[in-house]
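Morning, everyone. Please look at the sequence and the model on the screen while I talk.

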Amino acid sequence: WQGFFHGRTLATLAATGQEKYQKPFLPMPEGFKYMPYNDLDAAKASITPETAAIMVEVIQGEGGVIEGTQEYIKGLQDLCKEEKLLLVVDEVQTGIGRTGKWFGYENYGIEPDIITLAKGLGGGIPIGAVISKGKAADVFTPGSHGTTFGGNPLSCSAGLAVIQTLQEDGFLEKVVINGQFLKKGLIKLQQQFPFIKDVRGMGLIVGLELDEKIPGKQIVGLAMEQGFIINCAGNNTLRFVPPLIIKEEEIQKLLEALHEIFSQLL
Ligand SMILES: Cc1ncc(COP(=O)(O)O)c(C=O)c1O
């Protein structure tokens, strides 16, 4: 299980490297190699004179909220500098305040050449963006690329509203505080329910890994019946990525609902 997920357009499906997603759309564009996560030696060993870039999520979202280690993420940046490669960080899941910082990479003291953004950027309205710097920024100029709905006023207004909200005093700090409250509550559940193997994450991207015998997908359904949208990502991990404006009392209600659901499983 390598847990990469970069999207469902053709090139990003190729980057995702998982057969189940690729199968209906074969053949894939060539040129992608997949390396085990958090394994710097494997990354080093995979580089050839043909290599142009390394793309990574600093926290694997679909993979089950797996955090990149400091050594790995920083090591990838050093490797890219040494080998003159571009470092691309997929921030679709971790960007725009999700980890308590504007971008997930900031938790690692690195500066990627390219980042991708979507999900949180529109606050529910579809929008995506690619941001690049240095040499990578000269590749595209206005008009080099486009889409039918690209740059539409509705999505861009939503994106601006999100950015303005994140800029408000104390907003990101609150994400950290609420994330800690959620994580602490889940750790408390872990102490009560032995089938909870791990609780991990940063800010408001938090995962709770269940023993493989526990039906994670069924728990998602039971939570939905109580009004909570969660999902079951890789490694039988319940993933919590609530709206960043969530309140402590709403998190408390979720924790209570999970306690009730988990009690039925004992
Ligand atoms: C890390 C990451 N990258 C990219 C995407 C974009 O996927 P899609 O092309 O399905 O919108 C996702 C969606 O879940 C994601 O988690």
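A word on sources. This is a predicted model, where local features need pLDDT of at least 70, side-chain atom pairs count only at pLDDT 80 or more, and totals for chains, interfaces and linings use all residues. Residues are numbered from 1 along each chain as its sequence is written, and side-chain values use heavy atoms, with hydrogens and water left out.

Domains first. The domain assignment gives domain 1 as 10–167 and domain 2 as 171–265. Those bounds come from an automatic or database domain assignment. How far apart are the C-alpha centres of domain 1 and domain 2? They lie 25 Å apart. Domain 1 puts 20 residues into the contact, and domain 2 puts in 20 residues. Contact here means heavy atoms within 4.5 Å.

Now the helices. Helices are DSSP runs of H or I with at least four residues, strands are runs of E with at least two, and both are numbered from the N terminus. Two packed helices are described by the angle between their axes and the distance between the axes. The axes are lines fitted to C-alpha atoms, for helices over the stretch in contact, and angles run from 0 to 180 degrees between N-to-C directions.

Take helix 6, residues 171–192, and helix 8, residues 248–265. Their axes are 10 Å apart, at an angle of about 15°. So helix 6 is roughly parallel to helix 8. The cut-offs: under 35 degrees is roughly parallel, over 145 roughly antiparallel, 65 to 115 roughly perpendicular, and the rest oblique. This crossing is right-handed. That word applies if the near helix is turned clockwise from the far one by less than a right angle; anticlockwise is left-handed.

Which residues meet? From helix 6 we have N178, F181, L182, G185, L186, L189 and Q192. From helix 8 we have E248, I251, Q252, L254, L255, L258, H259 and F262. By class, this contact of helix 6 with helix 8 has nine nonpolar residues, five polar and one charged. Nonpolar covers Ala, Val, Leu, Ile, Met, Phe, Trp, Tyr, Cys and Pro; charged covers Asp, Glu, Lys and Arg; the others, Gly among them, are polar.

Helix 8 has another partner to show you, helix 7, residues 216–225. The axes of helix 7 and helix 8 come within 10 Å and cross at roughly 135°. Helix 7 is therefore oblique to helix 8. This crossing, too, is right-handed. I219, L222 and A223 in helix 7 meet I261, F262, Q264 and L265 in helix 8. That contact has six nonpolar residues, one polar and no charged ones.

Most residues other than glycine have a negative phi, and most peptide bonds are trans. Keep that in mind. The peptide bond from L26 to P27 is cis, with omega near 0°. P27 sits in the loop between helix 2 (19–22) and helix 3 (40–46).

V65 is not a glycine, yet has a positive phi of about 50°. Look for V65 in the loop between strand 2 (59–60) and strand 3 (66–67). Is V65 buried or exposed? V65 is buried, at a relative accessible area of 0%. Buried means under 20%, exposed means over 50%, and partly exposed is in between, using a 1.4 Å probe and protein chains only.

N236 also has a positive phi of about 50° and is not a glycine. N236 lies in the loop between strand 9 (231–233) and strand 10 (237–240). Its relative accessible area is 18%, so N236 counts as buried.

L117 lies in strand 5, residues 114–117. L117 is buried, at 5% relative accessibility. Leaving out residues up to four places away in sequence, L117 touches E91, V92, G95, I96, F103, I127, G128, A129 and I131.

L79 is in helix 4, residues 70–83. L79 is buried as well, at 3% relative accessibility.

P24 is exposed, with a relative accessible area of 62%.
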